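This briefing sets out selected structural features, grouped by topic. Please consult the sequence and the model shown here alongside the points that follow.

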Amino acid sequence: MTSRPLLAVTTLIASVVWLHAQNPPPQQVPPTFTVNTDVVLVDVSVRKNGAQVPGLTATDFELRDNGVRQDIETVESTAVPIDLSIVVDVSGNPDRPWEDPPSVAKVAAELDAEVRKLVALLRPGDRVRLFAQDTYVQQIWPLQSASSAPRVERVAFDGQSSLFDTLTTVLLQPIEPRRRHVIVAATKGLDTISAVSGADVAAIARHADAQLHLVMLEMDADKDATVRPFQCKCMDLCRPTRRFWVPAQRRLFLLQPNQLPICLIAPPEMTHGPSASDEAMDAEQAPFHRLLLDGELLKAGAEATGGGLYQGEMLAEPSLFGVFRHAFDNFRQSYVLRYSPKGVARPGWHQITVTVPRDKSVKIQSRTGYNVDAPAAASARAARSAGEAQPKLETMADLMEAYSRADYRPVEAVFDVADAGKLIKEFDFTSGMNPWPGTMRGEAAFALELAGAALFSRPQPTQDAGRGLLQRFSRLIQPTFEPDDYEHVWLTTLLALLQGRLSPSLAEPFVDRALVRFPNEPRFLLARAIVTDQAWRGFGTMSFGDRMTVTEIPIKRADLVIARYQAVAAASPELASEAYIRLGWFLYRIGRVDEALKAFDAAPPVPADTAMEYLRHLFKSHVFTSQDKLDDAVTEARTAHTIIPDAQSARIALMNALALRGDAADAETVADNIETAPRTADPWWAYWLGDFRWYGDAREALRGMIK
């Protein structure tokens, strides 16, 4: 299993909205069920034998919140306004090297005609937006009133297929309270270029406040598979060429290309059958195209939202229009149940069940729960300082619940002593406990900290599990269209953590990914330079006997380290000082001491960063000692000692310089002071850990962005 469910699996769809009695809902809110007030509205659809059940009242329903029966205050029967997202597949066929593609005008006209049929079903107050799936995720036009939806005049098409990336983008669109998000996506079932996997999409679907309907264009896919042998047998065009590079081929279903003598049958474009009727979609005949693993995952994810995955039956193939009309009937009449929770704890996850006791045969459609905002971190700290006993955290649900309340210390304590590998397995395979439904932020922050505990564990399988968890969430946190502040802070925290692990082979792929997402970001450029430098931290040893520096670093690799530090210094005045200081120390280690001094002197002063100022003077003391400039070495060591008086490394450097200069008495005095000095943090001890010194600050910033 490559990605764990983010919400309890549900076969139903609805939403829960908490409202303040006097405050209207905001115009835009993030996709979350997190709430802060004392009234719950639950949108419910009731169907029997495929038809809506009208005329129900509060006495007909039974609603339980975390198992406790609630008093339903009102029941409103209303047409729920929807936001429709249409997703069309305009990707090309990678195995079609000799067939001329249609014109942009023709593709746009056909697309517009299909979209117009769906838009015509919408009511006043409904809204619609259009996405196209190709090499890039395309939003043809944004969310707007159905009556003002523009014509499709131009679309990029015939490229790679980014099916999984597109579905992820659409699923994570923000939804307003009192509205429902319906997604209808048509696909030929092929993904060639997405960054996320089918398992990721399925997990996000369970997480999202949307109803997802996937229409399999199986005949189009079979046509694509038939064209190549048709060209070979009938046109003698058999060369194994492709129109473009295809990095991957991930299919949702098994293709069924035409097996007859191809030259004796109609061309592939004439083999389409009729569209499936609504009744055909409800039938339970076995599909002709067997779903593959990714197809099964997406089917489960879509059904968890209350939607589904629709395949052809016999010669009938589902259409966007037919699937949406079928789904739209569920929204023509729905009930909104209003209640004030009683007898249940307010914060945390609330499991909701809705039934109609007098008729067990009806099908109830509603989300399975909602979350109430946890107290602020300050409140949690105040409770701890007041001496309140903290509950024992025994399960993953307990850990995630405490984390959602900003009660971080008990969670950190468990991470410090527990088997992180076991925790990750429970995190991966346990569903229904996510306290942050509708948003990836809380879970991604929790996953990062859990993975950190695994990476610093001794067993290799546990470390591997931590790395896998980070790989998964580094994809899942990607926002819809372009990187955002949360992804930036998450990656900053991640890279700080990985530098502290001192494993360049572990850190390098994540650094590269961060720079893909944020090209030329100075902090990530510095991380790349530090990680490259870490690979050679054991080389370049100093010997004060002959005051020589020995190096074993290959010259090409040395040039790479130098170039990367220089790139940081050129890109960021803020980080130039640290880049030059680290560059100077590297140059000293490989024996280029004159250049090292120039690098230290080029570093602009940054009084606020006392650690780097300390290291600048400490390192210069070592360089001067290697050059037998002992007076200068003593001066630099004393300067470092002044900056952080209790740091041990400056005292050692000063003692050595004094001893080499012949000041035995002064050297002994420093030695005595070293033995009796108080223990304090020494910047040299953390030097090789890079930005790990900022990990605590970055983690706090990340926690502060959880919503």
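V182 stands opposite Q211 in strand β13. The model is predicted, so local features require pLDDT of at least 70 and side-chain atom pairs count only at pLDDT 80 or more, while totals for chains, interfaces and linings use all residues. Residues are numbered from 1 along each chain as its sequence is written, and side-chain values use heavy atoms, with hydrogens and water left out. Helices (H or I, at least four residues) and strands (E, at least two) are DSSP runs, numbered from the N terminus.

**Strand pairing**

- Strands β11 (residues 180-187) and β13 (residues 211-216) run parallel and are joined by six bridges; two strands count as paired if DSSP finds at least two bridges between them.
- A further position in this pairing places A186 opposite V215 in β13.
- β13 also pairs with β15 in the parallel sense, over three bridges, and here L214 stands opposite L309 in β15.
- These pairings belong to an open sheet of six strands, in the order β10-β9-β8-β11-β13-β15, with mixed pairing.
- The edge strands, each pairing on one side only, are β10 (137-145) and β15 (308-310).
- Neighbouring strands of this sheet are turned by 15° against each other on average, direction ignored; axes are lines fitted to C-alpha atoms, for helices over the stretch in contact, and angles run from 0 to 180 degrees between N-to-C directions.

- Six of the six residues of β13 are buried, so the strand is largely enclosed by the rest of the structure. Buried means under 20% relative accessible area, exposed over 50%, and partly exposed in between (1.4 Å probe, protein chains only).
- In a regular strand the side chains alternate between the two faces of the sheet.
- Both faces of β13 are covered, with buried Q211, H213 and V215 on one side and buried L212, L214 and M216 on the other.
- Helix α2 (residues 163-171) lies across β8 (82-89), β9 (127-133), β10, β11 and β13, and runs at about 165° to β11.
- Helix α6 (residues 293-304) lies across β13 and β15, at about 130° to β15.

- In helix α24 (residues 695-704), the buried residues are Y695, A698, R699, L702 and R703.
- Those residues cover an arc of only 140° around the axis, which puts them on the same side of α24; the arc is that of the directions from the helix axis to the C-beta atoms.
- D697 and G704 are exposed on the other side of α24.
- The cover over the buried residues of α24 includes α9 (396-404), α10 (408-417), α12 (441-455) and α14 (485-501); contact means heavy atoms within 4.5 Å.

**Salt bridges**

- The whole structure contains 30 salt bridges, each defined as a side-chain nitrogen of Lys or Arg within 4 Å of a carboxyl oxygen of Asp or Glu.
- One network of salt bridges links E412, E449, R699, E700 and R703.
- E578 and R582 form a salt bridge through their side chains (3.0 Å, N to O). Both residues lie in helix α18 (residues 573-589), four residues apart, about one turn of the helix, and both are buried.
- An α-helix has 3.6 residues a turn, so residues three or four places apart point the same way.
- A salt bridge also joins the side chains of D407 and R405 (3.7 Å, N to O). D407 is buried, with a relative accessible area of 6%, whereas R405 is partly exposed at 22%.
- The side chains of D646 and R651 meet in a salt bridge (3.9 Å, N to O). D646 is partly exposed, at 32% relative accessible area, and R651 counts as buried at 12%.

- L502, which is not a glycine, has a positive phi of about 55°. L502 lies in the loop between α14 and α15 (504-517) and counts as partly exposed, at 26% relative accessibility.
- D628 is likewise a residue other than glycine with a positive phi, near 65°. The loop between α20 (610-626) and α21 (630-643) holds D628, which is partly exposed at 43% relative accessibility.
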